[in-house]
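Good morning, and thank you for coming. Please look at the sequence and the structure while I go through the contacts one group at a time.

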Amino acid sequence: MKKVIEKSLMIAMAVLPAASAAATETSGVVEFSDSTHFDLNPVVVTGTGVHQRLKMTPVPVEVITGNELRAAGINGIEEALTMMVPSLSFSPNAMGSYLRMNGLTNSHVLILLNGRKMTGDISGNVDLAQIDVNLVKRIEVLNGAASTLYGSDAVGGVINIITSEPGDQSEFTTNSRYSREGQFNQGLDLSLRAGKVGSMTAYNYSHSDGWQNSHFTESDGELTETLAQLSLGYTTNNLTQKFTYDPTERLALYAEGGYYNKLLDRPVERASMAGGSKYNTFSESFSWGAGASYSLGALGSLKFDYSGRTYGQWYKYMIATGDYLPGDYYKTKRQDYHDAELRGIFNFTDNSNTVFGLDYRYESLDRPESDLDKGLGTISVYAQHEQHFLSHFTALAGLRYDNHHEIGSRLTPKVALMYNVGNFNVRGTYAMGYRAPGIDELYYHMLKPMGSRHIITFGNRDLKAEDSNYGSINLEYRSSRVTVSLTGYMNFVKNMVTSRSTKFTAMTEEQQAALIAEFPEINDIKTSTLSVKEYYNFSRATVKGLEANVSVNPCTGLTLGLNYSYAYGKGLNDDDTWQRLNRSVMHTGTFTANYVHEWDWYRLNVNLNGRVQSKTYYPGDADGDAPGYGIWNLTTRHTFNCFKSFTLTPGVGIDNIFDRRDMRPLNSNFALYSPGRSFVASLSITLK
């Protein structure tokens, strides 16, 4: 790790003199490179598909700006969503982190990157490390169903991560961050501008050694020492490139691509101790895209986008296993995704906008262990109209038609009404959402080892699409210094896809014999470790909740934010009993205090942020619920712009100020997986 840090600093120092010489010299100091004011009324796009001020959108959206991320010293997308959005929670699993939004699972939350669906998952969770946090311009979070604009998966909500475009001037930035357990992040970003052509190149390196809070696991009431880690070590590399070209005032073109890889670092298996592994997991993705937008003047605009991504996973063996030697790779999964969309935004009158869209998506899954190589396509058309009338009212109505290769036709409507007078808004929304079953849920047919256990998984071709009906009421006051928002909502989900597991030893002799005939390798494993997993449609689930948000600028330089989320989610079992949704959290709050002050060529930025949440429910799980926690981080950044051609920003801080850790045995259910109090050092250099 020392070599990595030294190498990063050498890169920064090598580039610094060259860029300084190339920069345009001025007689004074360089101006500060980012704003000291956190905008309480930013421009958003996710709620309606049209860029408009947050105050004027008829669909409420929660926004995290890039300035807020930098001020808080955020180290990744997952950390940003955890510390700043109370309706979202993450919990660890063997491969990564498990996302939930208001009690609903990761499969019900649509992740977008610049409005395009993100793919590439680990254990069903989108790998958020594919997104370079240093490039984030803002994150928009839309609560509730949104399939009218975004199609399948937008059942519980939408998270749209919007990244920076090439700037109007050339600029180079290096960002470094280091904390305990070898957690190191290095970003290098280069934005170039030459007339009508722009370029944005970014590279991000991230590493963690991983950690154990407890060295023990519990088995049959006894504690035994284990090698397993609460948080696995990893190394990632992320390279992205975007070109823009504006040949005329009306036409804008872009092309982009990226490469990403991630290698998990598991402890090596030992005969004398549990928790080791024979292999690490290697993930790799390639992404590409292109598009064009054409302005129709006052009438509106036309936009075409195409994006593609391939995401693969392999085992990289650390010890000899069967026919595999140390260093050998075995492919476990490959996902491919293509999306082409033509969208028109029209202003037929001064008080309205209308959106028309045509979208085609194709996704495929290659899973050698299941002899599965299958692709599914969806073609969609949608329309949405927004109308301002009677001075204080805005109405929105939309409808989408999807034709899915496997589940057939779907119609998803949405209506919203907003009443605005002065600084006050009242909003009401009804929307439908749906989720088509995944290729894995439909077609899996495989036996796979999972640590010391083995699981046979059967897909179900008869699965129905999940449906949701979402309604909300929002009350809001928004001024230049104060924003107060209160939202109540209800989300009713039908035909939720879930799974049941049955132990092999609990099956009848006839059922066991049938399985052995399908999977002869059962004869070579210990059947007490074997279970059978089958997908089916859960009857229904309900989430009812309340969200409150307060943002205040009480004086120059000081911004305060307080957010609270209450979510009560329950599902109906096969025996007609209701239970809490698995991994759901009832109460969550986040707090942010940010102070900025400038003295001529020096700026001080102090940021305090915290998250407090109640226990995480694991109904029926022998390991019980995960306890609640509170965690607080303090970050200070010191910006010096006394140099002619660059800005220097060192930073120091403390993550987890009060040293909160979950020290229970490693087979427990966890919500907090911090290694404890961590001192953080960072350095940012910007050249213009």
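A disulfide is defined here as a pair of cysteine sulfur atoms within 2.5 Å. In general, a disulfide is a covalent bond between the sulfur atoms of two cysteines. By that cut-off, the structure holds zero disulfides.

Some notes on the source. This is a predicted model, in which local features need pLDDT of at least 70 and side-chain atom pairs count only at pLDDT 80 or more, while totals for chains, interfaces and linings use all residues. Residues are numbered from 1 along each chain as its sequence is written, and side-chain values use heavy atoms, with hydrogens and water left out.

I shall also speak of accessibility: buried means under 20% relative accessible area, exposed means over 50%, and partly exposed lies in between, for a 1.4 Å probe and protein chains only.

Let us turn to the strands. Strands are DSSP runs of E with at least two residues, numbered from the N terminus, and two of them pair if DSSP finds at least two bridges between them. Strand β18 (residues 233-245) and strand β19 (residues 251-265) run antiparallel and are joined by 13 bridges. A hairpin of five residues connects β18 to β19. Within this pairing, Y234 has L264 as its bridge partner. On to the next strand: β19 also pairs with β20 in the antiparallel sense, over 13 bridges, and there A255 stands opposite A290.

Elsewhere there is an open sheet of four strands with mixed pairing, in the order β28-β29-β33-β32. Which strands stand at its edges? They are β28 (445-450) and β32 (497-503); each has a single partner strand, so one side of each is left without a neighbour in the sheet. Inside the order, β29 (residues 453-458) and β33 (residues 530-537) run parallel and are joined by five bridges. H454 stands opposite L530 in β33.

Next, the aromatic rings. Rings of Phe, Tyr and Trp (its six-membered ring) pair if their centres lie within 6.5 Å; planes under 30 degrees apart count as stacked, over 60 as edge-to-face, and the rest as tilted. The count by this rule is 22 aromatic pairs. One of them is F282 with Y329, an edge-to-face pair at 5.9 Å centre to centre and 75 degrees between the planes. This pair links distant parts of the chain, with F282 in β20 and Y329 in β22, 47 residues apart. F282 is buried, at 14%, whereas Y329 is partly exposed, at 41%. Ring pairs also link Y279, Y315, Y317, Y324 and Y330 into a cluster.

A charge sits over a ring if NZ of Lys or CZ of Arg is within 6 Å of the ring centre and within 35 degrees of the ring normal. The charged end of K262 lies over the ring of Y234 in this way, 5.2 Å from its centre.

Finally, the salt bridges. Side chains of opposite charge can pair when their charged atoms come close. The rule asks for a side-chain nitrogen of Lys or Arg within 4 Å of a carboxyl oxygen of Asp or Glu. The structure holds 28 salt bridges. D336 and R334 form one of them, with their closest N and O atoms 2.9 Å apart. Here D336 is buried, at 16%, while R334 is partly exposed, at 36%.
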